[in-house]
Amino acid sequence: MFRQNSLDIGHLMAIAQLDEAKRRFRRIKPGDVFEVTHDAGEIISLYSKLDLTSALQIDRLDDGFTAKIIDRPIEIRKRHAYGVIESSLFESAAQAGLSDRTIMNVAGIFAWDVDFILDIRSGDNYYVQYEEIWQDGEFVTDGEIIAAEFNNNGRQIQAIRFKDKENVTDYFTPDGDSVRKAFIRAPVDFTRISSNFNPKRRHPILNTIRAHRGVDYAAPRGTPIKAAGDGKVIFRGTKSGYGKVVILQHGGNITTLYAHMSSYAAKARVGTRVRQGQTIGYVGMTGLATANHLHYEYRLNGVHRNPRTVALPDAEPINAEYRQQFLAEAAPILEELENFKKTQVASIAFSAQ
Ligand SMILES: [Zn+2]
């Protein structure tokens, strides 16, 4: 690459000795751009982007070269969008000018409350306030959702972003309640439900009537199994028919059980705390199983409940330490959302005339 431009080999060697340059050259891949200023091959400076917010800058001095990492400032622009659903969320998003990525994020925020396949009605609508990332006057990508409102079949749900001091993003209602639930409904990305919760099922292998006290989610071997909620690993090992099993203890006297794993996640050892969504093991067919699947059980006060229909507890509201800050930040965001809604309603009324 450098030879094609007949650059001074001595200069290149000197530059390649600099630590910052060494690190950059080690990660070189096709398509990377190096901007070189030179005078008949004598290198004056070299510039190359490292990531979205930094770049490598090399300059010639009298007695060699210096390298430094420089900031590439980004600019965050706020955007609003309004969408009305006729048939599907994704179709409406295209009309509202929202990218796939942003509408996925919207769906993710409300997924705890709205089933975007089953609950959607024609006329449902939503407002989104989100970030766009710009750099040097050019659009780079969509950023996070700042706030969103979903009007589903006459029901209004609002979610506002909050970033804590560790920069962890979460979404809350205007009152500071979590928009999430304390449990994920299905703790694996499944291809289909191969067996439902059924107190009087005929067992496929034993051919006797035996209660099926969980739900079977078919998924390829090795698919990650997620902790349904925050909790503690109280059992990890083999239980005859269940094969490799993990049992988690959660608050509110709830336990969840995950069976037929091919293997466990190394970090999910007995006695350790796990976070909601953390991988605790992988789908397999150990124990009595005819195909790869996760057998998942949910127990409340020791009683098996149907994981697909049990009323899930809400996730914890905003931490008391952040409550005042959240309410103070949420107020102007909600006001902006309200103002934007008014302009949308006005423009629709206008275009209908
Ligand atoms: Zn099962």
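Which strands does helix α1 (residues 9-16) lie across? Helix α1 lies across β2, β3 (54-61) and β4, running at about 40 degrees to β2. Contact here means heavy atoms within 4.5 Å. Axes are lines fitted to C-alpha atoms, for helices over the stretch in contact, and angles run from 0 to 180 degrees between N-to-C directions. Helices (H or I, at least four residues) and strands (E, at least two) are DSSP runs, numbered from the N terminus.

The model is predicted; local features need pLDDT of at least 70, side-chain atom pairs count only at pLDDT 80 or more, and totals for chains, interfaces and linings use all residues. Residues are numbered from 1 along each chain as its sequence is written, and side-chain values use heavy atoms, with hydrogens and water left out.

Helix α2 (residues 19-26) also lies across β2, β3 and β4. Its axis runs at about 130 degrees to β3. The strands β1-β2-β3-β4, in that order, form an open sheet with antiparallel pairing. Two strands pair if DSSP finds at least two bridges between them. β1 (35-39) and β4 (64-71) stand at the edges. Each has a single partner strand, so one side of each is left without a neighbour in the sheet. From one strand to the next, the twist averages 15 degrees. Five bridges join β1 to β2 (residues 42-51) in the antiparallel sense. E35 has Y47 in β2 as its bridge partner.

The largest nonpolar core holds 24 residues. Such a core is a set of buried Ala, Val, Leu, Ile, Met, Phe, Trp, Tyr and Cys residues joined through side-chain atoms within 4.5 Å. Buried means under 20% relative accessible area, exposed over 50%, and partly exposed in between (1.4 Å probe, protein chains only). I225, L248, Y258 and I280 touch the most other members. At least two residues of this core come from each of β11, β14 (243-250), β15 (254-264), β17 (279-283) and β18 (293-300). Another core, of 23 residues, lies apart from it and includes A93, I109, I120 and Y130. Not counting residues up to four places away in sequence, the contacts of I225 include P187, Y258, M261, I280 and L294.

Aromatic pairs number 13. Rings of Phe, Tyr and Trp (its six-membered ring) pair if their centres lie within 6.5 Å; planes under 30 degrees apart count as stacked, over 60 as edge-to-face and the rest as tilted. F162 and F326 are edge-to-face, at 5.9 Å centre to centre and 85 degrees between the planes. F162 lies in strand β8 (residues 155-163) and F326 in helix α5 (residues 323-352), so the pair ties together parts that are 164 residues apart in sequence. F162 and F326 are both buried. The ring centres of F183 and Y298 are 5.3 Å apart and the planes stand at 75 degrees, so this pair is edge-to-face. F183 lies in the loop between β9 (169-172) and β10, and Y298 in strand β18, 115 residues apart. F183 and Y298 are buried too. Ring pairs also link F110, F116, Y126 and F150 into a cluster.

The criterion is NZ of Lys or CZ of Arg within 6 Å of the ring centre and within 35 degrees of the ring normal. The charged end of R77 sits 3.7 Å from the centre of the W134 ring. K239 lies over the face of F235, 4.6 Å from the ring centre.
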